[in-house]
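Student: Hey, can you go through this one with me? I'd like to look at the charged side chains and then the rings.

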Amino acid sequence: MSLTRKRKKELRRLRSDATELWEAQQVLVGNAADVAREASRQLGNVGREQVLPVVQDTYNRRVAPTVDRGVKFGRHIVDSKVVPAVGGVVGTALSAWDVANAKRLGLTHQPAPVKRGPGLGSVVAIVLGVAAGIGVLYAAWQALRTDDELWVADDPLSAPDA
């Protein structure tokens, strides 16, 4: 297919215009990337200088005392209610087990050996205490995890002066 000189000249001009437009767009995209990079840097600065101190102050004034009270209350309940109850039940069960074994084997009453470490009841009580502590920590973590919809700024942030 042969083209006339006029058409070839128009096509060359069109190709030249398209190349110019492409180069201009590349410069524009480069400038837009520079502006976006600077905006990101400024946003990070505002976050560190303005938002983070407000969030930390609010956490220290409102959330931390509540969590501390919850942990103290949970520790009190575990220490005063759960550990003694579980220890008593486990101790009674182990005593009954020992008596049943002694009768089954026909052993006479022998003096009890001197304990040298924590017994099974103490181990069970410690395990239950650790499990309760983990439960309290998990509940605190669920209460404090980041939910973007829950954080509402007290004062609306104004745009920084340019």
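Student: Okay, which side chain does Arg37 meet in a salt bridge?
Tutor: Arg37 meets Asp34, with 2.8 Å from N to O. Keep in mind that this is a predicted model.

Student: Why would two side chains do that at all?
Tutor: Side chains of opposite charge can pair when their charged atoms come close.

Student: And where do Arg37 and Asp34 lie?
Tutor: Both are in helix α1, three residues apart, and that is about one turn of the helix.

Student: Is Arg37 buried or exposed?
Tutor: Arg37 is exposed, because its relative accessible area is 55% and the cut-off for exposed is over 50%. Asp34 has 44% relative accessibility, so Asp34 counts as partly exposed.

Student: Got it. How many salt bridges does the structure hold?
Tutor: There are four of them. Another one joins Glu38 and Arg41, at 2.7 Å from N to O.

Student: How far apart are Glu38 and Arg41 in helix α1?
Tutor: They sit three residues apart in that helix, which means about one helical turn separates them.

Student: What about accessibility for Glu38?
Tutor: Glu38 comes out at 35% relative accessibility, so it counts as partly exposed. Arg41 is also in the partly exposed class, with 45%.

Student: Which residue does Arg7 form a salt bridge with?
Tutor: Its partner is Glu10, and the closest N and O atoms are 2.9 Å apart. Arg7 and Glu10 are both part of helix α1, which covers residues 5-105, and they are three residues apart, about one turn of the helix.

Student: How much accessible area does Arg7 have?
Tutor: Arg7 has a relative accessible area of 47%, so it is partly exposed. Glu10, at 31%, counts as partly exposed too.

Student: Switching topic: how many aromatic pairs turn up in the whole structure?
Tutor: A search of the whole structure gives one aromatic pair. That pair is Tyr138 and Trp141, whose ring centres are 5.9 Å apart.

Student: Why is the Tyr138 and Trp141 pair called tilted?
Tutor: It's down to the angle between the ring planes, which is 35°. Planes under 30 degrees apart would count as stacked and over 60 as edge-to-face, so the rest are tilted.

Student: And which helix holds Tyr138 and Trp141?
Tutor: They are in helix α2, residues 120-144. Tyr138 and Trp141 are three residues apart there, so about one helical turn lies between them.

Notes. Residues are numbered from 1 along each chain as its sequence is written. This is a predicted model: local features need pLDDT of at least 70, side-chain atom pairs count only at pLDDT 80 or more; totals for chains, interfaces and linings use all residues. Side-chain values use heavy atoms; hydrogens and water are left out. A salt bridge is a side-chain nitrogen of Lys or Arg within 4 Å of a carboxyl oxygen of Asp or Glu. Helices (H or I, at least four residues) and strands (E, at least two) are DSSP runs, numbered from the N terminus. Buried means under 20% relative accessible area, exposed over 50%, partly exposed in between (1.4 Å probe, protein chains only). Rings of Phe, Tyr and Trp (its six-membered ring) pair if their centres lie within 6.5 Å; planes under 30 degrees apart count as stacked, over 60 as edge-to-face and the rest as tilted.
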